[in-house]
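I opened the notebook to record what I looked up, entry by entry.

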Amino acid sequence: MNFDMYMPARVISGEDCVLKNSGKLRQLGNQCLIVTGKHSAKACGALDDVIQALEKENIGYQVFDEVTQNPYVSTCHKAGSVAREIGAQFIIGIGGGSPLDAAKAVAVFTANPQLPPEGIYGSWENKALPFVLVGTTAGTGSEVTAVSVLTNDATGQKKSFKCDQTYAALSFGDPKYTYSLNYDFTVSTALDALCHSVEGLFAAHGNEVSDSYALRAISILGGSLIQLYMHKGDSGEHLPHTLRERLYYASLYGGLVINITGTTFCHALSYILTEDYHISHGKACAVFLAEYIRRAEKADPQKYARFENVLGQHMETFLCLIREMSRMDVKMTPPQIEDYLPRFKGNANFQNTPGIFTLEDTKRVLTELFA
């Protein structure tokens with residue numbers, strides 16, 4: 001039995017958890033930089049709550065709101081300079097996966113003024129600043145992982161980094177911040193959480209702990225995705241708060257899974273869809289899930305049976321639901337597919353896939369789905 005795990009982030013959850021626990025911010029310093037995007041943190045109320053908590057504790061702050069979807073390394077490097085200019089002692093990231101992942105990089109850049117942007121993918125001299133994460137979407141799980149996925153300015157490609165320094169000192173999980181998300185974004189983030197859980201359940205690097213987290217997440221998501229699909233055509237404002245809460249906590253379980261297991265070929269191939277076709281991350285991962293599940297059934301029939309049992313629905317029904325929710329209009333020519341293949345040579349996510357995913361598998365799957 002393998003029970004190995006490491007997840008040092010302190011998570012505080014529940015309604016108004018930021019305001020109720022403002023004193024914990026004081027322990028991190030008296031000046032901070034808030035890293036976020038232009039709109040969502042304000043729209044959901046998270047930014048107001050964080051500012052109110054900081055002012056209550058007499059902590060100085062400045063807002064850096066230039067983070068976009070799939071944030072560039074250069075943006076994080078710039079934010080690190082701003083943080084140093086104001087004498088920030090800690091960083092607060094507010095948002096979905098992009099601002100949270102950016103905050104991790106900003107914490108590194110702030111503490112390492114000589115580190116060039118591309119240096120984030122290597123090693124650095126000084127320990128990263130402590131940082132706080134406030135999640136506002138139900139999908140990424142970045143609140144409980146050390147991973148940061150950024151877009152490399154030089155290549156335009158997404159690339160991740162992680163180390164023990166890039167766990168949050170504190171993560172706040174208040175599902176109410178997800179209430180304002182529109183329907184399409186809610187679907188995409190829910191699919192991301194599902195992929196984290198299913199990929200991790202069968203990943204080569206999984207163990208007893210990650211399996212437990214994965215099965216719990218899947219047990220929540222199975223029925224929740226059906227309920228979510230029944231609201232198709234809704235703007236999102238009428239989604240039940242109980243459903244929002246289930247999706248949010250399932251996303252944290254999914255984050256706990258990949259914190260141990262990492263991801264597989266579904267995530268690796270998703271990058272070309274987000275980079276070149278502007279498909280949202282969750283849908284870009286989920287479009288490959290049927291192939292992944294077929295491989296998982298062959299690789300580990302016993303675990304597959306446990307998966308199907310906690311899912312609470314017939315597998316073919318479930319796969320039809322996922323196909324419908326991840327539907328996209330993407331076309332690739334055979335030469336385009338060939339051009340993608342060198343990128344994945346020796347890919348670690350492929351090695352983490354049950355049965356090991358190959359370049360030939362890549363060509364076949366992309367052809368079947370998009371040619």
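This is a predicted model: local features need pLDDT of at least 70, side-chain atom pairs count only at pLDDT 80 or more; totals for chains, interfaces and linings use all residues.

The protein chain exposes about 15400 Å². Carbon and sulfur atoms supply 49% of that area. Next I counted charges: 32 positive and 39 negative side chains. The centres of the two sets lie 1 Å apart.

**Overall form.** I listed 17 helices and eight strands in the protein chain. The radius of gyration came out at 20 Å, close to the 21 Å that the globule rule gives for 371 residues, so the chain is as compact as a globular protein of that length. I also took the box along the principal axes: the C-alpha atoms fill roughly 55 × 45 × 45 Å. Of the 371 residues, 58% count as buried. Then I checked contacts between residues at least 6 apart in sequence; 80% of them join residues at least 24 apart.

**Cores.** Which residues have the most contacts inside the largest nonpolar core? I found L225, L228, L273, F288, F307 and F318, in a core of 68 residues. Helix α7 (residues 183-202) gives the most to this core, with ten residues.

I looked at F288 separately. Beyond four places in sequence, F288 touches F265, C266, L269, S270, L273, V365, L366, L369 and F370.

**Helix α12.** I took residues 289-299 next, which form helix α12. The buried ones are L289, A290, E291, Y292, I293, R295 and A296. E291 and R295 are on that list. What do the buried residues of α12 pack against? I found α7, α10 (265-277), α11 (281-286), α13 (301-311), α14 (315-325) and α17 (359-370).

**T137.** I placed T137 in the loop between β5 and β6 (148-151). Is T137 buried or exposed? Its relative accessible area is 6%, so T137 is buried, the cut-off being under 20%. I then listed the contacts of T137, leaving aside neighbours within four places in sequence. They are G95, G96, G97, E143, T178, L181, F185, T189, Y248 and S251.

**D49.** I found D49 in helix α4 (residues 46-56). D49 counts as buried because its relative accessibility is 11%. Not counting residues up to four places away in sequence, D49 touches V18, L19, K176 and Y177.

**G119.** I located G119 in the loop between α6 (97-111) and β5 (131-135). G119 has 13% relative accessibility, so G119 counts as buried. I also checked G119 against F109, ten residues apart along the chain. Their C-alpha atoms are separated by 9.2 Å.

**Positive phi.** I looked up two residues here. N70 is not a glycine, yet has a positive phi of about 50 degrees. N70 lies in the loop between β3 (60-64) and α5 (73-85). N70 is partly exposed, with a relative accessible area of 26%.

H278 is also a residue other than glycine, and its phi is near 60 degrees. Where is H278 placed? I found H278 in the loop between α10 and α11. With a relative accessible area of 67%, H278 is exposed.

Terms used:
Residues are numbered from 1 along each chain as its sequence is written. Side-chain values use heavy atoms; hydrogens and water are left out. Helices (H or I, at least four residues) and strands (E, at least two) are DSSP runs, numbered from the N terminus. The radius of gyration is taken over C-alpha atoms; the globule rule is 2.2 Å times the number of residues to the power 0.38. Buried means under 20% relative accessible area, exposed over 50%, partly exposed in between (1.4 Å probe, protein chains only). Contact means heavy atoms within 4.5 Å. Accessible areas come from the Shrake-Rupley method with a 1.4 Å probe; for residues, only the protein chains shown count as cover. Lys and Arg count as positive and Asp and Glu as negative; His and the chain ends are not counted. The place of a charge is taken as NZ of Lys, CZ of Arg, CG of Asp or CD of Glu. A nonpolar core is a set of buried Ala, Val, Leu, Ile, Met, Phe, Trp, Tyr and Cys residues joined through side-chain atoms within 4.5 Å.
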